[in-house]
Amino acid sequence: MRIYHLSAECYPIAKVGGLADVVGALPKYQNQAGQNAAVVMPFYNRKFVHENTFDMVFQGTTLLGTRRIYFEILKETTDKLGFELFMIKIPGLLDRENVYSYPDEKDQFLAFQICFLDWINWSGQTPDLVHCHDHHTGLVPFLMYHSSLYKRLAQIPTIFTIHNGQYHGAFGWDRLNLLPEIDFYKTGLLEWAGGINPLASAVKCSWRYTTVSPNYLHELTINSNGLEYLFYLEGRKGYGIINGIDTDVWNSATDPMVPAKYSLTTVAKGKQKNKELLCSRFNLSADKPLIVFIGRLVVEKGADVLPDAIERSIQQHGDNVNFLILGTGDTETEMALQKLKDFHPGNCAVFIGYDESLAHHIYAGADFLLMPSRVEPCGLNQLYAIRYGTIPVVRSTGGLSDTVIDFGDEGGYGIRFNHVSVADITHSINRAVELYADTKKMQQLRKHMMSLDFSWGRSAKEYNDLYETLIPKL
Ligand SMILES: Nc1ncnc2c1ncn2[C@@H]1O[C@H](COP(=O)(O)OP(=O)(O)O[C@H]2O[C@H](CO)[C@@H](O)[C@H](O)[C@H]2O)[C@@H](O)[C@H]1O
């Protein structure tokens, strides 16, 4: 079955967050299960494109409104990622370094989607299914079914996966002229709340939509930044499939970014060594419990509550607890964390920035990973933590509820709390500190976690099974 995954991010080419991890792994596991899945993404001027070779497999021109643009489809030559990788290059528009945040970002993603459709249309391809990810690719289903230009593609099933329902990519009707010819009586399928809303359009037009955890499917009807009623209406098309992790990349016994490699049998020693290295780099003490946070410092992740919660915990536990934060995001939170570090240099360390290698080292060296998320569609950090024997301390929401069982419950291994509040977080940290003192229990939980299977195998099969239901049997 030929499948195209369309995404703005893909690990290791361009990663901003979890979307990249998923799109860089799912197709590989699907191919191992007998599919023929490829990834199509925008061209970014990044390390990966300079260190690898590409063939130009197609070139053409298309229209973005009245602007004629020239584009190239570049294919990575080795398929070493476990899937074919195609990048769409548009000189001056899709050939920059960063993934997001350019003032003409909406034009960039619109052009990306149009060029993809032009390419498969004019090169005569008929994939079995097109799988779109997040709002950057959300107009593809509408255009496939309601543009006279792409009538040839109108029978191809589309699936849309929502990695984050808070972001819709919406824009005004004044930009409708940037779309190719469309059936004007169908424009309602583009609309939500008075504008063009790519996420809403994808939910309406794709054959099926999926969320990255079963719990999040339900939560979207309660909190999706204004699309709650749409999710309620379209609920029959929705499926919740939990993300997996790429166990080739996330393997503490082979991970090149983990200084002291370890397996289930050597976890205590390996973790301690990694922790010592981390602590000496950040001026912390390796004898104390090390509680870490990795991620975007934004309200959605509960990062705004971290400074107060950490301050309170340090006060409560005196010198007996350590925190390490890796992230970047809201300036106010970054500044509050820096200040905290200055007040408590021996108990709190902060690294503002994005550092993939440091993140791997932290997952391996930490005792506890804190995730006080307000919204967490799936969450990969807790899965990486579990895989590396690090106890997740999470708010019960979205995919965190689906993947973390409190150690007080049967079969449990993590710590869960209900509210994004200083009180709930500090209470959970108290539990973590107590747990840390029980060396035997810690060791038992680490081994238990490392024996759990959150790899893509099962989830990739669920996607494949869903595809099968949409593709007519020959
Ligand atoms: N400063 C930093 N330095 C190094 N690495 C960093 C980093 N900040 C973040 N990361 C890494 O980025 C990834 C973040 O993944 P998440 O799934 O937690 O979040 P994100 O909100 O981006 O993804 C959205 O999509 C994914 C995928 O579907 C969902 O799991 C999630 O709930 C949803 O919000 C992890 O691999 C993490 O280690």
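This is a predicted model: local features need pLDDT of at least 70, side-chain atom pairs count only at pLDDT 80 or more; totals for chains, interfaces and linings use all residues.
Local features are described where pLDDT is at least 70 and side-chain atom pairs count only at pLDDT 80 or more, while totals for chains, interfaces and linings use all residues. Residues are numbered from 1 along each chain as its sequence is written.

Begin by selecting the ligand, which 26 residues surround, the closest being Gly 17, Gly 18, His 163, Ala 359 and Cys 378; a residue is near a molecule if its C-beta atom, placed from the backbone, lies within 6 Å of it. Colour domain 1 (2-246 + 457-470) and domain 2 (264-454) next: because both give residues to the shell, the ligand lies between them, the bounds coming from an automatic or database domain assignment. Helix H1 gives the most to this shell, with four residues; helices (H or I, at least four residues) and strands (E, at least two) are DSSP runs, numbered from the N terminus.

Now select Pro 12, in the loop between strand S1 (2-6) and helix H1 (18-32), where a cis peptide bond, with omega about 5°, joins Tyr 11 and Pro 12. Most peptide bonds are trans, and most residues other than glycine have a negative phi.

Move on to Asp 79, in the loop between strand S4 (67-76) and strand S5 (84-89), which has a positive phi of about 55° although it is not a glycine.

Finish at Asn 225, in the loop between helix H6 (214-219) and helix H7 (228-234), where phi is again positive, at about 60°, although Asn 225 is not a glycine.
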